[in-house]
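Subject: A structure to look at

Dear colleague,

I am passing on a structure that I would like you to open beside this message.

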Amino acid sequence: MSEFKSISELKKLLAIDCKIEKVEPPVYASDIETTIVRVSLKCPDGKVHTIKAYKEESSALREFIRSTKIAY
């Protein structure tokens with residue numbers, strides 16, 4: 001299975017030193033199934049990026065953030 005687009009985009013932004021500012025709903029708050037996840041990142045150049053993931057992709061994105069222990 002190939003990697004979800006949202007995870008690839010998150011990896012790309014983290015590689016250029018962008019930092020996660022907010023994850024909605026919070027990754028560590030609850031394990032209830034979510035249908036949408038929004039991740040806001042701020043990059044060194046001041047730009048803010050938002051990644052949205054839906055359904056199965058949202059669960060995979062939350063698990064990726066949780067399992068890699070990305071600080072935000």
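A residue is called buried here when its relative accessible area is under 20%, and exposed when that value is over 50%. Please also keep in mind that this is a predicted model.

With those terms in hand, we can begin with the helix α1, whose buried residues are S6, I7, L10 and L13. Why do they lie on the same side of α1? They do so because they cover an arc of only 130 degrees around the axis. On the face of α1 turned away from the buried side you will find the exposed residues K5, K12 and A15, while the cover over the buried residues includes β1, β2, β3 and α2. After α1 comes D17, which has a positive phi, near 75 degrees.

Stepping back to the whole protein chain, there are 2 helices and 3 strands, and along the sequence they follow the pattern α-β-β-β-α. The chain has 72 residues, of which 32% are buried. Its accessible surface comes to about 4800 Å², and carbon and sulfur atoms account for 54% of that area.

The largest nonpolar core has 17 residues, and those with the most contacts inside it are L10, I20, V39, L41, L61 and I65. Which elements give two or more residues to this core? They are α1 (5-15), β1 (19-24), β2 (36-42), β3 (48-54) and α2 (56-68).

Finally, please look for the disulfide, of which the structure holds 1. It is formed by C18 and C43, whose sulfur atoms are 1.9 Å apart. The pair links distant parts of the chain, with C18 in the loop between α1 and β1 and C43 in the loop between β2 and β3, 25 residues apart. The link of C18 and C43 is right-handed, with 100 degrees about the S-S bond, and both C18 and C43 are buried.

With best wishes

Definitions and conventions
Residues numbered from 1 in each chain as written. Predicted model: local features only at pLDDT ≥ 70, side-chain atom pairs only at ≥ 80, totals over all residues. Heavy atoms only, no water. Helix = DSSP H or I, 4+ residues; strand = E, 2+ residues; numbered from the N terminus. Buried < 20%, exposed > 50% of the residue type's maximum accessible area, 1.4 Å probe, protein only. Areas by Shrake-Rupley, 256 points an atom, 1.4 Å probe, with all protein chains shown as cover. Core = buried A, V, L, I, M, F, W, Y, C linked by side-chain atoms within 4.5 Å. Disulfide = S-S within 2.5 Å. Arc of directions from axis to C-beta. Contact = heavy atoms within 4.5 Å.
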